[in-house]
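Me: I would like to learn how to read the features of a protein model, step by step. Could you begin with the idea of a contact?

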Amino acid sequence: MPEIIKRSMLAEYINVTPGEVTADYERIGFGVEGKSTEYSPEIDERQFIDEDSPNSSVKRYNQSSEFDIIAAKDSPVFEYLDTLRVTRATYADAETDVVEVRLYEPTSAVAGNTSYAATKTLVAVSINSIGDAAEDPLTLSATLSGKGDPIQGTFDFATSAFTATVVTP
């Protein structure tokens, strides 16, 4: 019987030190109650004169993910996003990468394996708002918009490093 995959098994890590030699990936989780990625496919639909029904193809994707995060001291993800807000970061200063780690796909069945299938995406980070009702915690809203093609690979928890899969023609 198929096993249900819980949301916690799709981990997302954001590089909170873009531009540095070594990426510092921190898990998006604490303070975030819900997060989904929208792929927004653009469909190319054509119908030729000798056909009764159109043909559809996916032309491209416009990936984005909007989420709210509760403000918390010592939360590297909140602190990174809040710095972007305070500085009103734009263009390259508002870009980083996000690694989506599929914890339900270990790369090895060997005991002690710490590496899982992952997808790395360059993103533009936009800050939408900050605030909330008086009785609620301070909340920051951000959007991660995909830039370019995703890179397939693995994420190793022992080293907190992403390694791209080498594709040979």
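Reply: Contact means that heavy atoms lie within 4.5 Å of each other. Please keep in mind, as we go through the examples, that this is a predicted model.

Me: With which residues is L144 in contact, leaving aside its neighbours within four places in sequence?

Reply: The list includes I14, I28, K35 and F67, and it also includes Q63, S64 and S65. V98, V123, A124 and V125 are in contact with L144 as well.

Me: How many residues does the largest nonpolar core have, and which of them have the most contacts inside it?

Reply: A nonpolar core is a set of buried nonpolar residues joined through side-chain atoms. Here the largest one has 19 residues, and those with the most contacts inside it are I14, F67, I69, L81 and L144. At least two residues of this core come from each of β5 (64-70), α1 (76-87), β7 (115-131) and β8, and α1 gives the most, with 5 residues. There is also a second, separate core of 10 residues, which includes V99, Y116, A118 and F162.

Me: How should I read a pair of aromatic rings, and how many aromatic pairs does a search of the whole structure find?

Reply: A pair of aromatic rings is described by the distance of the centres and the angle of the planes. The search of the whole structure finds 6 aromatic pairs. In one of them, the rings of Y25 and F155 have centres 5.8 Å apart and planes at 80°, so this pair is edge-to-face. Because Y25 lies in strand β2 (residues 25-27) and F155 in strand β8 (residues 139-156), the pair ties together parts that are 130 residues apart in sequence.

Me: Are Y25 and F155 buried or exposed?

Reply: The word buried is used under 20% relative accessible area. Y25 is buried, with a relative accessible area of 9%, and F155 is buried too, with 1%. The rings of F155 and F157 also form an edge-to-face pair, since their centres are 5.3 Å apart and their planes are at 80°, while F157 is partly exposed, with a relative accessible area of 29%. Y13, Y25, Y116, F155 and F157 form one aromatic cluster.

Me: Which residues make the nonpolar surface patch of about 420 Å²?

Reply: That patch is made by Y39, I43, V58 and Y61. Y61 lies in strand β4 (residues 55-61), and Y61 counts as exposed because its relative accessibility is 54%, the cut-off for exposed being over 50%.

Definitions and conventions. Residues are numbered from 1 along each chain as its sequence is written. This is a predicted model: local features need pLDDT of at least 70, side-chain atom pairs count only at pLDDT 80 or more; totals for chains, interfaces and linings use all residues. Side-chain values use heavy atoms; hydrogens and water are left out. Patches are made of residues with over 30% relative accessible area and no salt bridge: like charges are joined within 9 Å, nonpolar side chains (Val, Leu, Ile, Met, Phe, Trp, Tyr) within 5 Å. Accessible areas come from the Shrake-Rupley method with a 1.4 Å probe; for residues, only the protein chains shown count as cover. A salt bridge is a side-chain nitrogen of Lys or Arg within 4 Å of a carboxyl oxygen of Asp or Glu. Helices (H or I, at least four residues) and strands (E, at least two) are DSSP runs, numbered from the N terminus. Buried means under 20% relative accessible area, exposed over 50%, partly exposed in between (1.4 Å probe, protein chains only). Rings of Phe, Tyr and Trp (its six-membered ring) pair if their centres lie within 6.5 Å; planes under 30 degrees apart count as stacked, over 60 as edge-to-face and the rest as tilted. A nonpolar core is a set of buried Ala, Val, Leu, Ile, Met, Phe, Trp, Tyr and Cys residues joined through side-chain atoms within 4.5 Å.
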